Structure formats: C-alpha cells, structure tokens
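Thank you all for coming.

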Amino acid sequence: MAIFEIFSDYNHEQVVFCQDKVSGLKAIIAIHSTALGPSLGGTRMWQYANDEDALIDALRLSKGMSYKAAVAGLNLGGGKAVIIGDASKQKNELLFRTFGKFVEGLAGRYITAEDVGTSVKDMEYVRMETTYVTGISQAIGGSGDPSPVTGYGVYVGMKACASEMWGSDSLKNKKIVVQGAGKVASYLCEHLDSESAELYVCDINEDKVKELSSKVKLTVIKPEEVFNIDADIFSPNALGAIINDDSIDKIKAPIIAGGANNQLKDEKKHGKMLVDKGILYAPDYVINAGGLINVANELEGYIRDRALAQAESIYTVLKSVFATSKKENIPTYEASNKLAEQRIEQVGGINRIYSGRSEFSGKFNHFFRR
Ligand code: NAD
C-alpha cells in the first residue's frame, strides 16, 4: 500500500497508528486539519475487511469533520479515530483506557467522541485517561445525547430551505415525509408539529413510530411508501446513501432536508442529478451540524440553551450555501465544500498576525518556531 500517496490524496496533517498487545487495541487516529483549532471527531469501532479499509475510512471521515466544523463556524479542525475490532465482542475497560492514553499523547491535537460502535460508557473509560474527550454523560459534566440539538438544527435548516424555495420560512401545513423515527427525527418532528406541519413518518422499527405518534400528530406510513407521497419536503433521518440512481427518480418533494449522514451515494453524480431535477438539497453535514455544535459546547462548559442558540446559525449558513450555489451555478454540496475550504484557508491563517506575547503564554520557544 502506498501509504503516503493515500495520505496526500486526502491532504492530512497527521495519521497515528496505535497498537497495544496487552489490550488488543489496534486503532488509527487521523488528523485532517488543525488550521481552525484542535481536531475533533468521534471514534468508530468496526470490523473492517482489512487495514487499508480502516485507514481510508479514518481519512475520509476526518476530512468530512474538518468541513463540517469549518462551515458551522466552529474553531475546530477535523479528526476521526477508528478502532479495528468487533464492537459486540471486543469492548472492555482496558481497550478504551488504552485508547485514551494514545489520545492523551496527542496533547489536545485530537479530541474524541462517540460514534458508530462506541457509546457514552466507552467514552467514560477514555475520560479516565484523557480530558480530550467529549460526548460524556451529563451526570459527569458532559453534554449527553446530542440529538435534541441535532434535531433542532435540522428543523431550523428546513426553514431556511423553505425560505429559499417559497420566499417564506413557515412550515405550517407543509407536507413533510420523515424517514426514520429515531432520536434526531423525534426531536425534529416535535418542532415541526408545533408549527402545524403535516407529517408522514416511517421507520423499519414500528415501535419507534408508534412511540413518536403518542407525542406528535402524524400519519404513519410504511418504509416502502416513503416516495409515494406528494410531499413538499423529504427528510431522511435514517441511513446514508438514500439519494441514489434509484431514489432520485421517485422523489417528488422539491426539498431534501434531513439529519442523516452521507445522504448522497455519489456526491458528484447525485448532487448534479438533484440540480437537474430542480430539487433543493440541504447538504447533510451543514444541516446536521447541531450534534457537533453540541459537543463543541462541552469544551467550554456545557449549557444546553447556548448550544441550541448556536444551532440556529444553521439557518444563515444554509442561506449562504444556497447563495453561493446560485451565484456560481454549482450544486449545493459543492457550494458548502467551497465555503468550508475558504474558511479553513483564510481564517485558518489568522496566526500570521502576531497579537502580542500573551498569545504564547510565555513559551519562549514559540518565538523561534515562527
Ligand atoms: P437512531 O438510530 O436513533 O434513528 C435511526 C432510525 O432509522 C432508527 O429508528 C431505525 O430503525 C430507522 N431506520 C433505519 N433504516 C430505515 C429505513 N430504511 N426506513 C425507515 N427507517 C429506518 O439514529 P439517530 O441518532 O436519530 O441518527 C439518525 C441519522 O442522523 C444517522 O444517519 C446519524 O448518523 C445522523 N446524525 C445523528 C446525529 C445525532 O445527534 N444523533 C448527529 C448528526 C448526524
């Protein structure tokens, strides 16, 4: 494997391979960029087919985190870790505390959080060895479940889409199809219901929709009916790659705005197909940034109301994505990538201006490094 070629393709700052025979830990920590601040991103635990797949996943996901933080206006860089292993069999205290030691060794260049295959409990073990971890439970000073803030951000983002499409951001009486009735979708639906939107919700787990329908007014639909409704907005809040060759033909709604990650199966191809069909797509990592905004708040001492207030910025960020997309005649996903790259390049260079000795807290060597 030409490691540096892969590494350079994604333009990473640093990739760390961690191994410990005693705990059985095999992990990769990828730091894509620290131009805007410490890199932050979750730790995924997955049984990869081979080490190369694990590396590519870490590289791809950490780059995505740089873009997400940048466009959300956070002073954070992008990072991600993968632990290679079976999350249903190999998780234990020693594994995560060992991983915590490696995170601590990066001295704050990388801050971790939970992700697919890891839990709040696992992060609490990591926390025993390092303070560079977020997403721990509220009981021990963390921010807990990010879904309320993610769900609120998706709601606010949907309003930005409505304003762009119809000139008013009211969602009253709008027909909205919500795919998934999990955590993010539930909080989203509560906000939509309070604005009297007409909701059509499905989940492969019927109990989830049942539970949600006891809290909000909605029509239950079957998962396979998701594209049958003549909806105003389609909101994917379940799995990724839902926007693909097959589904684009069937989507009737003029707006796609949902919290699911990696909605476009092929960013370039399907982003363009949506434009050709006249569908306004809210780039997933922009509209679902509430989760990241939530954990970023934990770094400053968590206050839920502040996190919710910051998630409101998703409205204006999306409006500027749409404006860039229109002005430059490019798909919205490309416009958000462009805005993220611009901020990393421009704001990330802010330290070219020396603002005084206090900046270095008396660390003599800094004067030589510049
Ligand atoms: P969740 O597991 O609570 O909910 C997902 C729901 O989707 C589940 O109830 C599942 O049964 C359902 N589902 C799966 N496949 C389906 C299908 N084909 N049709 C209908 N329903 C289906 O997860 P969540 O935390 O609500 O996250 C939802 C999405 O949002 C994921 O893509 C996640 O990566 C993304 N996301 C979540 C957060 C967060 O704060 N939780 C933040 C950013 C992004």
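Before I describe the sheet, one definition: two strands are said to pair if DSSP finds at least two bridges between them. Please also bear in mind throughout that this is a predicted model.

With that in hand, the sheet I want to show you is an open one of six strands, paired in parallel, and its order reads E9-E8-E7-E10-E11-E12. Its edges are strand E9, residues 219-220, and strand E12, residues 280-281, each of which pairs on one side only. If we look at the E9 end, E8 and E9 pair in the parallel sense over two bridges, and there you will find Tyr200 standing opposite Thr219 in E9.

Let me now step back to the chain as a whole, which has 15 helices and twelve strands. Its radius of gyration is 21 Å, close to the 21 Å that the globule rule gives for 370 residues, so the chain is as compact as a globular protein of that length. Taken along the principal axes, the C-alpha atoms fill a box of roughly 60 × 50 × 45 Å. Of the 370 residues, 52% count as buried, and among contacts with a separation of 6 or more, 64% are made by residues 24 or more positions apart.

As for the surface, the accessible area comes to about 17400 Å², and 50% of that belongs to carbon and sulfur atoms. The chain carries 43 positive and 47 negative side chains, with the centres of the two sets lying 3 Å apart.

Ser196 counts as partly exposed because its relative accessibility is 38%, which falls between the cut-offs of 20% for buried and 50% for exposed.

A second residue to look at is Ala241, again not a glycine and with a positive phi of about 60 degrees. Ala241 sits in the loop between strand E10 (233-236) and helix H8 (245-250), and with a relative accessible area of 29%, Ala241 is partly exposed.

Key
Residues numbered from 1 in each chain as written. Predicted model: local features only at pLDDT ≥ 70, side-chain atom pairs only at ≥ 80, totals over all residues. Heavy atoms only, no water. Buried < 20%, exposed > 50% of the residue type's maximum accessible area, 1.4 Å probe, protein only. Helix = DSSP H or I, 4+ residues; strand = E, 2+ residues; numbered from the N terminus. Rg over C-alpha atoms; globule rule 2.2 N^0.38 Å. Contact = heavy atoms within 4.5 Å. Areas by Shrake-Rupley, 256 points an atom, 1.4 Å probe, with all protein chains shown as cover. Lys, Arg positive; Asp, Glu negative; His and termini not counted. Charge placed at Lys NZ, Arg CZ, Asp CG, Glu CD.
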